[in-house]
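Try each task yourself before you read the solution.

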Amino acid sequence: MRATLLACAAGLLFSVCAASQPAPTLRVRRDVHSLDPNGPEIAALKRGVAAMKARAATDPTSWAYQGAIHGTDTPGNAAGWNSCQHGSFFFLSWHRMYLHFFERILRSASGDPTLTLPYWNYSKPGQNSLPVPLRRPATLENPLFEPARDAAANGGATFPSSATGSSRAMSLTRFSSAVSASRGFGGRIVSQPVHFSSAHGAIESQPHDNVHVLVGGDAGLMSDPNFAALDPVFWLHHCNIDRLWESWVARGGGRSNPTGDTAWMNTEFTFFDENRNQVRMKGSEIVNAAKQLGYGYDALEAPSSPQAVPESAPQPERMTTPKTLVTRDRKTLLEESTEVSLSLPKKALEPSGPESIGGRAVVLHIEGLKSTASSGGYWEVYLNVPKGARPDPDGPHFIGTIAFFGRKHAHDPGAPSTQDFEVTEVVERLRREKKLEDGKLNLSFVRRTIDAGAAVPAPGPAPALPKPESKKKGAKPPKEPKPAAAAKPAPKAGKILGEPQFTKIRVEIL
Ligand SMILES: [Cu+2]
């Protein structure tokens, strides 16, 4: 026994420790929409958040310090600060560790030993607007309310399906791809942590990034990684991303975590526990959420269509040298709607040959993505939408989304801020249907924001904001939220904050 304990203390024999310790109690993280906004779970959540917000920023268990672990503009670099992982396969694992310690701190601060983080399942029908407890009452007395959000989001407007959808990412069977971030569920392989990196993996791109920028809007907290975790909704959003990860693994079909990668398994990250102890954690300690961290979810994400094409385990990727077929170097500002066209060389369309796209994977790289400000909204990206047809995110020409969450922070000089899109299937289909004979690849970027006209009324027993007519009756007006970033004048129509742009498109075959 003593030997085992010593081994545990030295961190030498994880398997021995795991076997000799009683399994932790399994706690269940629940869908926030299933909780009564006036019930005990939400009350405990509010107590915990309020207690953490009341702590001094220097306290590692304070709201401010925990937010700075994700990212901060505050000078000085206290232990653990600025360590969030984006644009690589550490994205999911790092955020799981972050949520784990945050949840312990929150539980302790709430005084409720049964507290778990709820999740916001935005892709479930009827749940694609900000959960009621986070926006009602819309006053600072509600510790879950945050004025620095998109006003329409706080008003209960609905999010477009291309923001909240996860079926594209869930359909992938690779965790990581060596050749295209968009081909892997969990992000590209890197050899060491990168605070902000480049091309985002499928689940990080959609729904993760899109939900961030829609909640934050222009210059709100959630739109910028250096402020995002200060908005309580961050934790419910990431809890859902973590649940989608669990759901992805559970779906089988060859899906598995990169447990054979030593960097993913053994790289340690710094956090603090509820007793203010500095702690370190690594991938190998979080692979099995139930066994190692003691939690599960009340429901996993079901496949959107059970009749979908049967999935097979991922084939090993062909490690041929990628060949660039065509590039287009020109600064392109992304407007509400932007069209860009490229011409494939003739040889690409020949049935075979070193430059033929026949039988090869085709990847589009959008490079030099940059925005000088955190703007709300994201772009749906389409390939060769037929003339006159409406771009449809559920249709065959949709290839993915681009959001600018974190893109002004790309620290990795070797990797300019890029996004890639594997378009093999779309290109194959276009060829089969003889719609690619002129070699033209026409890309459409269509901006999406929250539909302010689609606000849904707050359901259930939540106290609603006074209706406009109540003012006429002399009722007390609702307490105005403190002016914050969200109160800045809205940009003029057609002018998008931060001049989001890219400088290059490259078409590559593998
Ligand atoms: Cu995030």
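Two strands count as paired if DSSP finds at least two bridges between them. Keep in mind that this is a predicted model.

**Exercise 1.** Find out how many bridges join strand E7 to E10, and which way the two strands run.

*Solution.* 
- Start with E7, at residues 362-367; four bridges join this strand to E10.
- Next, check direction: E7 and E10 run antiparallel.
- Now pick out one facing couple: Leu364 stands opposite Phe421 in E10.
- Finally, look at the side chains of E10, which covers residues 419-422: Gln419 and Phe421 point one way, while Asp420 and Glu422 point the other way. Buried is the word for all four of these residues.

**Exercise 2.** Work out why Asn82 and Glu499 count as partly exposed.

*Solution.* 
- A residue is buried at 20 or more C-beta neighbours within 10 Å and exposed at 12 or fewer, with partly exposed in between.
- Asn82 has 19 such neighbours inside 10 Å, so Asn82 counts as partly exposed.
- Glu499 has 14 inside 10 Å, so Glu499 is partly exposed too.
- Now for their backbones: neither is a glycine, yet phi is positive, about 55° for Asn82 and about 45° for Glu499.
- As for location, Asn82 sits in the loop between helix H4 and H5, and Glu499 in the loop between helix H14 and strand E12.

Note on methods: Residues are numbered from 1 along each chain as its sequence is written. This is a predicted model: local features need pLDDT of at least 70, side-chain atom pairs count only at pLDDT 80 or more; totals for chains, interfaces and linings use all residues.
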